[in-house]
Amino acid sequence: MKTITHYIFVLVAFLFTSILTSAHAFQKDPDKFVVVLDAGHGGHDSGNLGSGYKEKDIALKIILQIGKALEKNDDIKVIYTRKKDVFVTLRGRAKIANDADADLFVSVHCNAHNSSANGTETFVLGLHANQRNFEIAKKENEVIFLEADYEQHYEGFDPNSPESFITLSLLQEDYLDQSIRLARYIEDNFKSQQKRKSRGVKQAGFWVLHNTYMPSVLVETGFLTYKKEGSYLNSKSGQSKMSKSITDAILDYKKQLDLNVGENIYQDTNTTTEVEPQIVDNVVFKVQIAASSKELAPKSYNFKGLPEISREKVGNIYKYFYGYTSDYSKIKQFQSEAKAKGYADCFVVAYQDGNKIDVSEALKSASNPKD
């Protein structure tokens, strides 16, 4: 049996950041929503050849159409792991996504099976729930054997060993809800827009070593081994329709993220007393602009264009801050800027040696800046 033979593993390969190498390097762009689009397989890795069709070619055509549509949005930056028929290693794909500081990773594939199985399914990273999912993960991870130096880069991971999966870290769990949300949007679109059979959103466990920091999905657009479905996916019409459903899902996902600020918000009513401008040694001031049960990327597009956003998790609440300085007068300017952007209840907080302290206490040790 050959099911998704390559890149669910890529969802986990993001974790392998410290030893990855790639010729690609990208400038991080905090003002744009960054989507990395991954066309499964490529080059000497053709993917599955069900009904005589080539998975690598179909996946690339769908990805390029998604990218073209997304690029029409000024606030979205699209990065491709490949734009032509070339082989890209798993660690190379991961490096591209990590260097881009991506907000989303979307990998597109075509499925295969030795039965009449058909329909779409979208995977997110998680522990395999059954033997079939383990076999899928096993097949996915075996692609590392296509790399001559895999033993050097994957540190002894054995795709054939169930014990290896026990070591899988679910650091991606922080983004699991977001990944599932996008996956659900995609599957719902396949059903409602294109009237395709959906096999649902699924999870499986894969090799992981280091932390990941982006929601990720792998889309199986259908089974090439099911002749009718393979013909559909190999057609221009089918590729156009599937790419539209995925594109719309990404846009809906981003729109929902944009709405999250202001949803389930908890504002602190503490205020601080105005004082003369001054530097406070060994103290860092920040402006708390919001606190929410929702986890958002600390980027300006999520916070009305404010730069220098940071995030801290306290219990089940994520706190969001603007600015970072020891200059109290400067932080008051930041506070004014935040209020002008609509954060009317924002307030200044102070930290010393990593611990939060009262602003009034911090100001007791203040000293005027030297000329």
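**Figure 1. His41, a buried loop residue.** His41 is buried, with a relative accessible area of 0%. The model shown here and in the other views is predicted. His41 sits in the loop that runs between strand β1 (33-39) and helix α2. Its phi angle is near 65°, a positive value in a residue other than glycine.

**Figure 2. Lys195, an exposed loop residue.** Lys195 lies in the loop between helix α7 (176-192) and strand β5 (198-204). The phi angle of Lys195 is near 60°, which is again a positive value in a residue other than glycine. Lys195 has a relative accessibility of 67% and counts as exposed, whereas His41 of Figure 1 is buried.

**Figure 3. The protein chain as a whole, for orientation.** Eleven helices and eleven strands are found in the protein chain. Of its 371 residues, 52% are buried. Taking the contacts between residues at least 6 apart in sequence, 81% join residues at least 24 apart. The count of disulfides is zero.

**Figure 4. The largest nonpolar core and a second one.** In soluble globular proteins, nonpolar side chains tend to be buried together. The largest nonpolar core in this model has 62 residues, and the members that touch the most others are Leu37, Ile246, Ile250, Phe285 and Ile289. Helix α2 (residues 55-70) contributes seven residues, the most of any element, to this core. Another core, of nine residues, lies apart from the largest one; among its members are Ile79, Ala100, Phe105 and Met214.

**Figure 5. Contacts of Ile250.** Ile250 is one of the residues that touch the most other members of the largest nonpolar core. Residues up to four places away in sequence are not counted in this view; beyond them, Ile250 touches Val35, Leu37, Ile66, Leu70, Leu104, Val106 and Leu182. One of these partners, Leu37, is also listed among the core members with the most contacts to other members.

**Figure 6. Lys254, a buried lysine in helix α9.** Lys254 belongs to helix α9, which spans residues 236-260. The relative accessibility of Lys254 is 7%, so this lysine counts as buried, the limit being under 20%. The side chains of Lys254 and Asp75 are joined by a polar contact of 2.9 Å. With residues up to four places away in sequence left out, Lys254 touches Phe33, Asp75 and Ile76.

Figure 7. Helix α8 covers residues 227-234, and Glu229, Gly230, Tyr232 and Leu233 are buried in it. Viewed down the helix axis, the buried residues of α8 fall within an arc of 160°, so they line one face of the helix. An α-helix has 3.6 residues a turn, so residues three or four places apart point the same way. The exposed residues Lys227 and Lys228 are carried on the face of α8 turned away from its buried side.

**Figure 8. Gln288 in strand β7.** Gln288 is part of strand β7, residues 284-292. Its relative accessibility is 5%, so Gln288 counts as buried. Neighbours within four places in sequence aside, Gln288 is in contact with Lys319, Tyr320, Phe321, Cys346, Phe347, Val349 and Lys356. Gln288 and Ser310 are 22 residues apart in sequence, and their C-alpha atoms are 9.4 Å apart in space.

**Figure 9. Lys356 in strand β11.** Lys356 is located in strand β11, which consists of residues 355-357. This lysine is partly exposed, with a relative accessible area of 44%. Apart from neighbours within four places in sequence, Lys356 contacts Gln288, Lys319, Val349, Ala350 and Tyr351. Lys319 and Val349 are also listed among the contacts of Gln288. Lys356 and Val283 are separated by 73 residues in sequence and by 9.7 Å in space, C-alpha to C-alpha.

Figure 10. Cys110 has a relative accessibility of 1% and counts as buried. Cys346 is one of the residues in contact with Gln288. The disulfide count is zero.

Technical notes. Residues numbered from 1 in each chain as written. Predicted model: local features only at pLDDT ≥ 70, side-chain atom pairs only at ≥ 80, totals over all residues. Heavy atoms only, no water. Helix = DSSP H or I, 4+ residues; strand = E, 2+ residues; numbered from the N terminus. Buried < 20%, exposed > 50% of the residue type's maximum accessible area, 1.4 Å probe, protein only. Contact = heavy atoms within 4.5 Å. Polar contact = N/O pair within 3.5 Å; in protein donor to acceptor, adjacent residues only side chain to side chain. Core = buried A, V, L, I, M, F, W, Y, C linked by side-chain atoms within 4.5 Å. Arc of directions from axis to C-beta. Disulfide = S-S within 2.5 Å.
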